[in-house]
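Here's a quick look around one predicted model, written for someone meeting it for the first time. Have a look at it below, then read on.

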Amino acid sequence: MTKRKTFAVHSKSDNVKGEVHQMENRLKQFYRTMLLIRRFEEQAIELYKEGLVGGSYHPYIGQEAVAVGVCSALRQDDYLTNTYRGRGQHIAKGSDPKLLLAEVLGRATGYCKGKGGPMHITDVQNGILGANGIVGGGAPIGVGAALTAKMTGTDRVSVTFFGDGAINQGVVYEAMNLAAIWDLPVVFVCENNLYSEMTPIQFSLKNKDLIDRAEGVRIPGIIVDGNDVEAVFNVTTEAVERARRGEGPTFIEAKTYRLNGHMYGDSETYRSKEEVAAWWEKEPIKRLGAKLVASGEASADELEAINHEVLQEIARAAEFARQSPEPGFEEIFTDVI
């Protein structure tokens, strides 16, 4: 059901040439943002190795095209909920890597003053209502946000991210059913990376496609290649526009793959090295970079310059996080209702 936008590049009209130029710039921005997420996650892993990150760290490496494709179709005031692997969505939605990395390290300058850590980050200024460590826990919050938008008469849209493991959580089905009944402006985005923690998806589901669950409550379902950022952007744009028109929810199943284990230190005995290596060959950043070079929209030198710029930005973020103070004892009692 994926629809790819095409441009009549043979036309000489200024309008068409403008659209082509806009898409070229958009793809370069997609590339940069995906690379920023990748380098952020790599830096966070290094800080985790140093013992500067508490708890577990669940890398988003490999799924960058989903976050960027979806969030690029949203406005800043649109609502978003995500999972404990959700730092990619934060960056794609506009969160500052400095404040984000400070939060990962539990520092007072972070988005939640160090109380969220790597798994429970909120950025209300960018519409992000919070990452949730409970599998499927963000779905009812996202639906509640959509209900708020409808009751207050705004055209804000709510997007809720969850993994394939959440599809068996009753609260996700209940949230989808309520959204369907009330035609709420919400987009359900399932990042199907084939593994629920360490459990291969075929061990917990007989469904080949997870959109079957959405069809059960009469929500339109779309399957998209989650490693193709342009395709993700296109289907999300359609779903968001549909929601803004008051036509109700959409379920997007983005088929993707996490290239690291469930968390750093995962032995990954549940999948083969050959399988992982095969997915590395079709990972989204390499894929888009190759497309940009092949089409002449960017040179290899330009892409390397983007990488250098991103590495500098992440280095500054890491230095900011390292130098930031830890929260004081009194912070335990603040921001509590």
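Which residues are exposed on the other side of α5? They are M151 and T152, where exposed means over 50% relative accessible area, buried under 20% and partly exposed in between (1.4 Å probe, protein chains only).

A word on the ground rules: this is a predicted model, so local features need pLDDT of at least 70 and side-chain atom pairs count only at pLDDT 80 or more, while totals for chains, interfaces and linings use all residues. Residues are numbered from 1 along each chain as its sequence is written, and side-chain values use heavy atoms, with hydrogens and water left out.

Back to α5: its buried residues are G138, A139, G142, V143, A145, A146 and A149. They sit on the same side of α5 because they cover an arc of only 155° around the axis, going by the directions from the helix axis to the C-beta atoms. Here's some of what covers them, with contact meaning heavy atoms within 4.5 Å:

| Element | Residues |
|---|---|
| β1 | 79-83 |
| β2 | 128-132 |
| β3 | 158-163 |
| α6 | 170-181 |
| β4 | 186-192 |

Helices (H or I, at least four residues) and strands (E, at least two) are DSSP runs, numbered from the N terminus.

Now for H90, in helix α3 (residues 87-93). H90 counts as buried because its relative accessibility is 1%. Leaving out residues up to four places away in sequence, H90 touches N82, S95, L100, I121, T122, D123 and I128.
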